[in-house]
Amino acid sequence: MSTLIVAGFKKDMFRASEVLNELVEMNYDWTIDLNDAVAAYRDYNGKLRIDTSYRMTTGEGAAFGGLFGSLIGLTLGAMAAPVTVGVTVASSTSSRSPWRT
């Protein structure tokens, strides 16, 4: 069963983050079972700031890194493959050129 709890703090920008940090510490101590928590507040300039308690596990981080690493590798590999083939063909044909002295 999931429970949603909302707490509001007036005129104290940092209190929401302090409470979030306390909840995370209580979760580490197994005092509470916290799946996710968010502290949303506005800074002095009126810009909305959001602090989250979610952290990736080792497996999630490895999967995320593997996915994006493979995407970047495939993209760069696809761009570099024609250049590599072109250089290889040019170097192999230039050594057999009849115009070479």
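Author: A salt bridge is a side-chain nitrogen of Lys or Arg within 4 Å of a carboxyl oxygen of Asp or Glu. The model is predicted, so local features need pLDDT of at least 70 and side-chain atom pairs count only at pLDDT 80 or more, while totals for chains, interfaces and linings use all residues. Residues are numbered from 1 along each chain as its sequence is written, and side-chain values use heavy atoms, with hydrogens and water left out.

Reader: How many salt bridges does a search of the whole structure find?
Author: One of them joins R15 to E18, with the closest N and O atoms 3.4 Å apart, and another joins E22 to R15, where the closest N and O atoms are 3.9 Å apart. The side chains of R49 and D43 also meet in a salt bridge, at 3.5 Å from N to O. The search of the whole structure gives a count of 3.

Reader: Which residues are linked in a network of salt bridges?
Author: R15 forms a salt bridge with E18, and E22 forms a salt bridge with R15, which places R15 in both pairs. The network is therefore made up of R15, E18 and E22.

Reader: In which helix do R15 and E18 both lie?
Author: Helices are DSSP runs of H or I with at least four residues, strands are runs of E with at least two, and both are numbered from the N terminus. R15 and E18 are 3 residues apart, about one turn of the helix. The helix that holds both R15 and E18 is α1.

Reader: Does D43 count as buried, partly exposed or exposed?
Author: Buried means under 20% relative accessible area, exposed over 50%, and partly exposed in between, with a 1.4 Å probe and protein chains only. R49, the salt-bridge partner of D43, has 35% relative accessibility and so counts as partly exposed. D43 has 17% relative accessibility, so D43 counts as buried.

Reader: Which residues does S17 touch, not counting those up to four places away in sequence?
Author: S17 lies in helix α1 and has a relative accessible area of 13%, so this serine is buried. A contact (heavy atoms within 4.5 Å) is what counts as touching here. With residues up to four places away left out, the partners of S17 are A39, Y41 and D51.

Reader: What is the phi of W30?
Author: Most residues other than glycine have a negative phi. W30 is found in the loop between α1 and β1 (38-42), and at 74% relative accessibility this tryptophan counts as exposed. Although W30 is not a glycine, its phi is positive, at about 65°.

Reader: By about how many helical turns are F64 and F68 separated?
Author: F64 is found in helix α2, residues 58-94, and at 44% relative accessibility F64 counts as partly exposed. F68, at 39% relative accessibility, counts as partly exposed. Because F64 and F68 are 4 residues apart in helix α2, their separation in helical turns is about one.
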